[in-house]
Amino acid sequence: MVMGMYLAFTVLGLLAAFGLLALCWLLLGRLLLPVPLDLTVSLTGHGDGEGMEQGVRALHWLRRTGLWRGDIRIVDGGLSPRGLAVARRLVEDCHAQLHI
């Protein structure tokens with residue numbers, strides 16, 4: 001009987017400590033988030049769009065996680081037909097804007 005009570009209080013104490021730790025983690029994360037600013041990031045694509053997809057997907061990930069708010073703009077700086085196809089796919093997948 002005493003052993004069961006000791007085990008129950010130990011488990012309850014561990015759950016309470018975990019809950020307090022999770023609450024502190026959430027509050028600290030909220031404090032460390034940047035001030036929400038609506039910014040537009042323009043990425044200029046050249047040729048076949050080398051590096052453009054990684055940049056757009058990284059910005060889209062930041063937007064999905066709530067770490068950044070804003071628009072992604074892809075600017076045609078001499079994209080080839082293949083690069084333009086990549087840019088159009090990114091417009092659909094990542095909700096970017098294409099400016100030709």
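Predicted model: local features only at pLDDT ≥ 70, side-chain atom pairs only at ≥ 80, totals over all residues.

Reader: Sheet first. In what order do the three strands run, and is the pairing parallel or antiparallel?

Author: The order is E1-E2-E3, in an open sheet with parallel pairing. Strand E1 (38-47) and strand E3 (97-99) are the edge strands, each pairing on one side only. From one strand to the next, the twist averages 25°.

Reader: How many bridges between E2 and E3?

Author: Three bridges, in the parallel sense; E2 covers residues 69-79. Val75 has His99 in E3 as its bridge partner.

Reader: Which strands does H2 touch?

Author: H2 packs on the sheet against E1 and E2, and its direction makes about 170° with that of E2.

Reader: And H3, which strands does that lie across?

Author: H3 lies across E1, E2 and E3, at about 170° to E2.

Reader: Now helix against helix. What's the angle between H2 and H3, and how far apart are the axes?

Author: About 10°, with the axes 10 Å apart. The two helices are therefore roughly parallel to each other, since angles under 35 degrees count as such.

Reader: Which residues of H2 meet H3?

Author: Met52, Glu53, Val56, Arg57, His60 and Arg63. On the H3 side they meet Gly83, Val86, Ala87, Arg89, Leu90, Asp93 and Cys94. The contact divides into six nonpolar, two polar and five charged residues.

Reader: Let's zoom in on His60. Buried or exposed?

Author: Buried, because its relative accessible area of 11% is under the 20% cut-off. His60 is found in H2, which spans residues 52-65.

Reader: What does the His60 side chain reach?

Author: The backbone oxygen of Cys94, at 3.4 Å. Setting aside residues up to four places away in sequence, His60 touches Ile72, Asp93, Cys94 and His95.

Reader: New topic, Ile72. Where is that found?

Author: In strand E2. Ile72 counts as buried, at 0% relative accessibility.

Reader: Which residues is Ile72 in contact with, leaving aside neighbours within four places?

Author: Val41, Val56, Leu59, His60, Arg63, Cys94, Ala96 and Gln97.

Reader: How far is Ala96 from Ile72, going by C-alpha atoms?

Author: 4.9 Å, although Ile72 and Ala96 are 24 residues apart along the chain.

Conventions:
Residues numbered from 1 in each chain as written. Heavy atoms only, no water. Helix = DSSP H or I, 4+ residues; strand = E, 2+ residues; numbered from the N terminus. Buried < 20%, exposed > 50% of the residue type's maximum accessible area, 1.4 Å probe, protein only. Polar contact = N/O pair within 3.5 Å; in protein donor to acceptor, adjacent residues only side chain to side chain. Contact = heavy atoms within 4.5 Å. Axes fitted to C-alpha atoms, helices over the stretch in contact; angles between N-to-C directions. Parallel < 35°, antiparallel > 145°, perpendicular 65-115°, else oblique. Nonpolar A, V, L, I, M, F, W, Y, C, P; charged D, E, K, R; others polar. Pairing = 2+ DSSP bridges.
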